[in-house]
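Reader: Hi! Could you walk me through the ligand site in this one?
Author: Happy to, let's look at it together.

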Amino acid sequence: MVNIAVLGYGTVGSGVVEVIDTNSASLEKKTGSGINIKYVLDLRDFPGDRVEPILVHDFDIILNDPEVRVVVEVMGGVEPAYTFVKKSLLAGKNVCTSNKELVAAHGPELIQIAREHNINFLFEASVGGAIPVIRPINSSLTADKILQIKGILNGTTNYILTKMSQEGWDFDEALKSAQENGFAERNPEADIEGYDATRKIAILSSLAFGNNVDFEDVYTEGISKITKADIAYAKELGCAVKLLASSTCEDGKYYAMVAPFLVPASHPLYAVNGVYNAIFVNGPQIGDVMFYGSGAGKLPTACAVVADVVDAVKHLDKHIYTFWSPEKLPLTGTENATRSFFVRVNGKKSDCEDKIREQFGSVRFVSTAEDPDGFGFVTDLVAEKVFDERVRSIPGFAGRIRIEGTLS
Ligand code: HSE
């Protein structure tokens, strides 16, 4: 039996305990030795709960116990998680975490410490919940040079947008349901404003491109400005609104962004609904590889953590090499990226049609009963910078959403 300790008994932590308890017999076969949860650390008490006899409030009990070989960090947030994880690694204990804030902020340093101590720092659950994507990038896809990653990386926002579109729920109703289902972050602003997806694309891009993508350098827009009218216009255009995260290497330059897009029905990401995430990884030789599955939630995320524990147990005295240099990867701004835009305008089409055509040439106009006092239009391909300059002169300009690919 390999002894482990679980730091945090919240949504994911209680899921980890449940998964290990439920699957203990098969985990014994898969690890060759079995997994014993020796401690659970939390500030709170859980009288009558299964973890009551193993609950501790003092991290030093875990740190100073040489029998604990693997520490599972599922507390979330940078501190005290960073301090606990760093101390654990320096003490020669393997660490498995679901904490994308920690990994995005300190990934290269923690991997380096693990390497120096011939142990492992594993973080599959930090991106895409149950979806295996970090391990494939580190192993199965290493033969090619990855040039692009693109996908839906946040379950909460995808759930909200799906419910608004399919059920007609309003934003707050959908967010409340996402929270009740355990998808959302403690502070859901991280989901809604795109910060969670930004950390995840920074982690994937760092692993794919090798150097460190600072999440703070990634252009980020969330979904808080998406209205019911936008959703209705998207439907009129045969599209769905999706929060897309992407990073690209093109002509030696690197780009990354998180923003809502109109995704046409012909695109594979159109059908990714609810809490599901999907991630495309593209290389010149592998072509497109797509990963799909539950992107959030207690048990799917816990399963990814426990799979890392299994890997750690199988490699107790062997570091699994991960290439993530601390050297910063400079990102180029997206102002020269060329794409179509959907634009929403308040007012009568007849009052500004000429101005719109003067600025954008031939456009496609669209209307919806959800927006009786306004209308929308779709531009041809235009550079972001040029679009931003021209749209300012449109009277009644009320918002814009980028379009993924082209509309049929
Ligand atoms: N809040 C995150 C999401 C949890 O909704 O995707 C999983 O990382």
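**Around the ligand**

Author: A backbone N or O atom of Phe-183 lies 2.8 Å from a nitrogen atom of the ligand. That is a polar contact, a pair of N or O atoms within 3.5 Å. This is a predicted model: local features need pLDDT of at least 70, side-chain atom pairs need 80 or more, and totals for chains, interfaces and linings use all residues. Residues are numbered from 1 along each chain as its sequence is written, and side-chain values use heavy atoms, without hydrogens and water.

Reader: Thanks! What does the side chain of Asp-191 do with the ligand?
Author: An N or O atom in that Asp-191 side chain is 2.7 Å from a nitrogen atom of the ligand. For Asn-154, a polar side-chain atom is 3.4 Å from a ligand oxygen atom.

Reader: And how much of the ligand does the protein bury?
Author: The protein buries 93% of the 260 Å² that the ligand exposes when taken alone (Shrake-Rupley areas, 1.4 Å probe).

Reader: Nice. Which residues are around it?
Author: Counting residues with a heavy atom within 4 Å, they include Lys-100, Thr-156, Glu-185, Asp-196 and Lys-200. The shell around the ligand divides into 3 nonpolar, 4 polar and 5 charged residues, with Gly counted as polar and Asp, Glu, Lys and Arg as charged.

Reader: Switching topic: which helices give two or more residues to that shell?
Author: Helix H7 (155-166) and helix H10 (195-209); helices here are DSSP runs of H or I, at least four residues, numbered from the N terminus.

Technical notes
A polar contact is a pair of N or O atoms within 3.5 Å; within protein, one must be able to donate a hydrogen and the other to accept it, and residues adjacent in sequence count only if both atoms are side-chain atoms.
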